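This briefing is meant to be read beside the sequence and the coordinates.

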Amino acid sequence: MAKAPEFDVPEAGDYIFTPPVLPGAMSHSQPFVAKEAHQEAVGYPGELIDNWQEVAIEKLGEMTKKYRGLQVYLDSCVKCGACTDKCHYFLGTGDPKNMPVARQDLLRKVYRRYYTLAGKYLPKLVGAEDLTEEVLDDWYKYYHQCSQCRRCSVYCPYGIDTAEVSMAAREIMATVGKGQKYCNEIIGKVHKIGNNLGLPEKALANTLEGLEEDVLEDDGVAVKFPLDVKGADVLLVTPSADFFAEPHIDGLIGYAKVFHQAGLSWTVSSHASEAANFGLFIGSYENMQKVALRIREAALELGVKRIVFGECGHAWRVGYSFLNTLAGPFDFLDSNYPVPQHIIEVTHDLLSQGRIKLDPEANDDKRVTFHDSCNVARASRMGSKAGGQFVLPREVIKAACNNFFDMRADTIGEATFCCGGGGGLLTDDLIELRTKGAMPRMQALKEVNEQHQITHMAAICAICKSQFSKVLPYYGFEMDQIISVHQLVGDALVMDTEH
Amino acid sequence: MTIEVNGKSLDTDEEGYLADLSQWEPDVATVMAEIDECELSDNHWEVINFLREYYEEYQIAPAVRVLTKAIGKKLGKDKGSSKYLYELYPYGPAKQACKYAGLPKPTGCV
């Protein structure tokens, strides 16, 4: 039998309250440090270098010049405290270093010491501190207790993007040889094989063939899951978890059914068999660009006209906000479609045009709520109107399902709570943090469940889906209560068997 | 970290996965299961054996769906579900069973 968790699971009560401050409550929490091979595969030194202090300080200076936003974020905090109770990790752990202002101050105090006049001469007066081994340890622990979800930034009167600070700290640590195993091992696999899982082409082909058999058996329709088809119109770039994990794979089946029923020619690429881009999480522009370029290479190689992203939260941030500058221009694609386009936008358009039909009664056994994923909610958009990233997924779900109920307003939309596993923290060595950080979302789920007897929570992010599968049982829910939005779509889609 | 198997000392990584996959032998699974206070039944072994066969051919663990389908064929349809696999391997079939079977840990958003 499984051992019981070796930590206390916070109670998801009737409302979210600000916990008592527990200094050091999470000072034992840190992810495994990247090994030499993982570090070198992504361009960093294999272990902590001898002159790490000097290099770290220099790197920080370089970064504030290169990314001017970072300097603004480091300079402009007035310690008003508006962010303190907005972080799911603080709410779930009570550790004061998980108040966003305090976490970001771990870097800010070092910046102040070496790069501001007052900090150079009167460090104590302005809270400036030397970069010591103790500070580096704190960075490693607490910058891996930020999921870069940017909820705190919504409430910051100065608009300080705290995720940028976490990303910068992680890049500095990787640069001096103290990277994180989970992220760096994964990025290395993308560079080498093309996806986070390390799923080789042969295994991908086998998995996709298996899905064709399954859908034919279940629905009697010969839905194709094409791989590396030259001349297809649409290149689907989706998280590799969609090929591997549950409930992700039911989402992939949903996309395939939509493409099939709408008569769109599409393909997956074995070269760009990953939407996720963990280069974002470790703050590495170079790695992020190298990963993004695989999508461009695949699009050119296959001669597609459109690029569509599957259900992956941060991939959509990179796709929507950065793809063009990282890997553009995409002037070789069909300019009638956004580059890239989200699968939710594709399905929504097809529904609006009447090119596909959903029968919501097919999901009458379900009562559904929707978890807004942070990178979709706060770092991107869908459709042509502001807020489309909140409206479109809900309209698609409502078209697929008669029983839809939102969670409380201050826990959805731009105020959504992170699942607890985003930003490169979805690793078993951080399970305590992940479980505690999920508490605010679990509280809101519990509340909507009590009011409306919810059976399922739908999401459009591979990390959210895996995280919830793991942490739902800690809060008295079943692991299979988390589903893909396109599972609902796939199950409700009216299929033309003649097609 | 190391584990002791039949008088040999085998290196593992921080999470208990074999460092050198070629050192696997059936008793590796038994010893790892003992560490997790889990006793391996014939049904556990069906999963381990399938994982090893699949890995041999594809150099990666099978998708959860591929695994459930295969186990359903071998042990009966009622057991071909991820729920049943989680009963066998509470830490997750993809991770715990891979570890016992001497496969690398699946990485990514899984």
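The structure is a predicted model. Chain A has 22 helices and seven strands, whereas the secondary structure of chain B comes to five helices and two strands.

**Chain A as a whole**

- The radius of gyration of chain A is 23 Å, close to the 23 Å that the globule rule gives for 499 residues, so chain A is as compact as a globular protein of that length.
- Taken along the principal axes, the box filled by the C-alpha atoms of chain A is roughly 80 × 50 × 50 Å.
- Of the 499 residues in chain A, 56% are buried.
- Among the contacts in chain A with a separation of 6 or more, 79% are accounted for by residues 24 or more positions apart.

**Chain B as a whole**

- Along its sequence, chain B runs in the pattern β-β-α-α-α-α-α.
- For chain B the radius of gyration is 13 Å, close to the 13 Å given by the globule rule for 110 residues, so this chain too is as compact as a globular protein of its length.
- The C-alpha atoms of chain B occupy a box of roughly 40 × 25 × 25 Å along the principal axes.
- Buried residues make up 35% of the 110 residues of chain B, and 43% of the contacts in chain B between residues at least 6 apart in sequence join residues at least 24 apart.

**Contact between the chains**

- The contact between the two chains involves 31 residues from chain A and 19 residues from chain B.
- On the side of chain B that touches chain A, helix 3 (residues 64–75) of chain B gives the most, with three residues.
- That side of chain B is made up of eleven nonpolar, four polar and four charged residues.

**Helix 2 of chain A with helix 5 of chain A**

- Helix 2 (residues 52–66) and helix 5 (residues 100–115) of chain A have axes that come within 11 Å and cross at roughly 90 degrees, and the two helices are therefore roughly perpendicular to each other.
- Ile57(A), Leu60(A), Gly61(A) and Thr64(A) of helix 2 make this contact with Val110(A), Tyr111(A), Tyr114(A) and Tyr115(A) of helix 5.
- By class, the residues of this contact divide into six nonpolar, two polar and no charged.

**Helix 2 of chain A with helix 9 of chain A**

- The axes of helix 2 and helix 9 (residues 162–175) of chain A come within 9 Å and cross at roughly 140 degrees; these two helices are therefore oblique to each other.
- In passing helix 9 of chain A, helix 2 of chain A makes a right-handed crossing.
- From helix 2 of chain A, Val55(A), Ala56(A), Lys59(A), Leu60(A) and Met63(A) meet Ala168(A), Ile172(A) and Thr175(A) in helix 9 of chain A.
- The residues of the contact between helix 2 and helix 9 of chain A divide into six nonpolar, one polar and one charged.

**Asp480(A) in its loop**

- Asp480(A) lies in the loop between helix 21 (462–471) and strand 7 (482–484) of chain A.
- With 16 C-beta neighbours inside 10 Å, Asp480(A) counts as partly exposed.
- Asp480(A) and Ser469(A) are eleven residues apart along the chain, and their C-alpha atoms are separated by 6.4 Å.

Technical notes. Residues numbered from 1 in each chain as written. Chains lettered and ligands numbered in written order. Predicted model: local features only at pLDDT ≥ 70, side-chain atom pairs only at ≥ 80, totals over all residues. Helix = DSSP H or I, 4+ residues; strand = E, 2+ residues; numbered from the N terminus. Rg over C-alpha atoms; globule rule 2.2 N^0.38 Å. Buried ≥ 20, exposed ≤ 12 C-beta atoms within 10 Å, placed from the backbone. Contact = placed C-beta atoms within 7 Å. Nonpolar A, V, L, I, M, F, W, Y, C, P; charged D, E, K, R; others polar. Axes fitted to C-alpha atoms, helices over the stretch in contact; angles between N-to-C directions. Parallel < 35°, antiparallel > 145°, perpendicular 65-115°, else oblique. Left-handed = near helix turned anticlockwise from the far one by under 90°.
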